[in-house]
Amino acid sequence: MIFGKINNFVAVGVLGAIVAAPAIRAATTVIPSNSFSSYSTLETYWAYLYPWGSDHNGSARMKGSSSDHSNIVVGSNTLSLIATPTSNPVPPTSSSNPHPAIHYASGAIHAKSQITVTQANGYTISGEFSAPTARGTWPAFWLTAVNGWPPEADIGEWKGTNNNWFNTFNTSSIVRSDLVAWPSDLSFHSIKAVLTAQPNNADVKLEFYMDNTLRATQYGQGFVGKPLWLIVNLQMEGSAGSPGPSGTTTYKVRNVVVTRTGS
């Protein structure tokens with residue numbers, strides 16, 4: 001038996017016969033599973049708040065910094081995002097459309113490394129989540145465009161009901177959503193997205209898993225080559241309904257791993 005490497009193919013020869021097979025692409029860890037092991041490790045891989053600041057489309061204003069961990073807590077290799085009712089916020093409404101009144105202080109982080117799917121590079125994004133599902137709670141684990149919008153893909157989105165929404169936004173009106181039942185007991189469950197460029201070098205296939213079972217396959221039109229932010233946040237009310245909880249809400253995340261295959 002003869003082994004050799006020819007033009008990025010592995011060649012295996014048996015008695016003079018050569019069979020070519022594609023070489024396995026290497027995987028690079030972009031975010032390791034211990035990124036929530038300490039605040040210094042968190043800050044190596046993640047930045048505080050949304051990429052654009054503290055406000056978005058719900059009634060929670062995000063708070064957090066290297067000196068303020070009231071709403072963003074790490075311990076036991078777990079991230080806890082904590083939403084608490086607030087009064088007299090300044091300014092009183094969100095700076096983002098549709099400018100809802102601010103009723104909560106909460107937490108958000110985003111990955112420092114952007115996700116850009118190309119023919120040379122695919123991504124796998126996974127983690128384990130204890131997500132609140134009460135009315136008015138709107139935790140998420142999602143990808144959104146760095147430059148303009150869309151694209152967007154929601155790997156985890158819980159909107160005040162016992163369902164996780166797997167979503168891909170090609171435009172504001174062309175949206176694919178697949179709902180998967182989610183327990184209300186705050187137990188941890190795993191979710192994963194595998195992103196692969198399609199042969200047309202324009203579209204991305206997104207395979208969504210829950211507890212290691214494929215639950216949905218969607219396609220992002222024109223997603224190839226477009227950088228994406230990875231965000232973890234606990235938003236409130238908005239699409240999750242109102243009024244939200246009168247007490248503290250906690251969203252827990254652990255074992256988030258991002259790997260890139262290819263160059």
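Buried means under 20% relative accessible area, exposed over 50%, and partly exposed in between, with a 1.4 Å probe and protein chains only. The model is predicted: local features need pLDDT of at least 70, side-chain atom pairs count only at pLDDT 80 or more, and totals for chains, interfaces and linings use all residues. Residues are numbered from 1 along each chain as its sequence is written, and side-chain values use heavy atoms, with hydrogens and water left out.

**Exercise 1. Salt bridges**

Task: Find which side chain meets Arg254 in a salt bridge, and classify Arg254 by its accessible area.

Solution. 
- Step 1. Apply the criterion: a side-chain nitrogen of Lys or Arg within 4 Å of a carboxyl oxygen of Asp or Glu. The structure holds four salt bridges.
- Step 2. The side chain of Arg254 meets that of Glu128, at 2.7 Å from N to O. This pair links distant parts of the chain, 126 residues apart: Arg254 lies in strand E20 (residues 249-262) and Glu128 in strand E11 (residues 121-130). Strands (E, at least two residues) and helices (H or I, at least four) are DSSP runs, numbered from the N terminus.
- Step 3. Arg254 is partly exposed because its relative accessible area is 29%. Glu128 is also partly exposed, at 24%.
- Step 4. Take another of the bridges: Arg61 and Asp55 meet at 2.9 Å, N to O. Arg61 and Asp55 are both buried.
- Step 5. Glu207 and Lys205 meet at 4.0 Å, N to O. Glu207 is buried, because its relative accessibility is 17%, while Lys205, at 23%, is partly exposed.

**Exercise 2. A buried charge**

Solution. 
- Step 1. Locate Glu157 in strand E13 (residues 152-157).
- Step 2. The side chain of Glu157 makes one with the side chain of Asn167, at 2.7 Å.
- Step 3. List contacts (heavy atoms within 4.5 Å). Beyond four places in sequence, the residues touching Glu157 include Trp138, Pro139 and Trp165.

**Exercise 3. Core and strand pairing**

Task: Name the residues with the most contacts inside the largest nonpolar core, then find what stands opposite Leu81 in E20.

Solution. 
- Step 1. A nonpolar core is a set of buried Ala, Val, Leu, Ile, Met, Phe, Trp, Tyr and Cys residues joined through side-chain atoms within 4.5 Å. The largest has 57 residues, and Trp46, Phe141 and Tyr251 have the most contacts inside it. Strand E19 (residues 228-236) gives the largest share of this core, seven residues.
- Step 2. Phe141 is in contact with Tyr251, among others beyond four places in sequence.
- Step 3. Two strands pair if DSSP finds at least two bridges between them. Strand E8 (residues 78-85) runs antiparallel to E20, joined by six bridges, and Leu81 stands opposite Tyr251.
- Step 4. E11 pairs with E20 in the antiparallel sense over nine bridges; there Asn121 stands opposite Gly262.

Definitions and conventions
A polar contact is a pair of N or O atoms within 3.5 Å; within protein, one must be able to donate a hydrogen and the other to accept it, and residues adjacent in sequence count only if both atoms are side-chain atoms.
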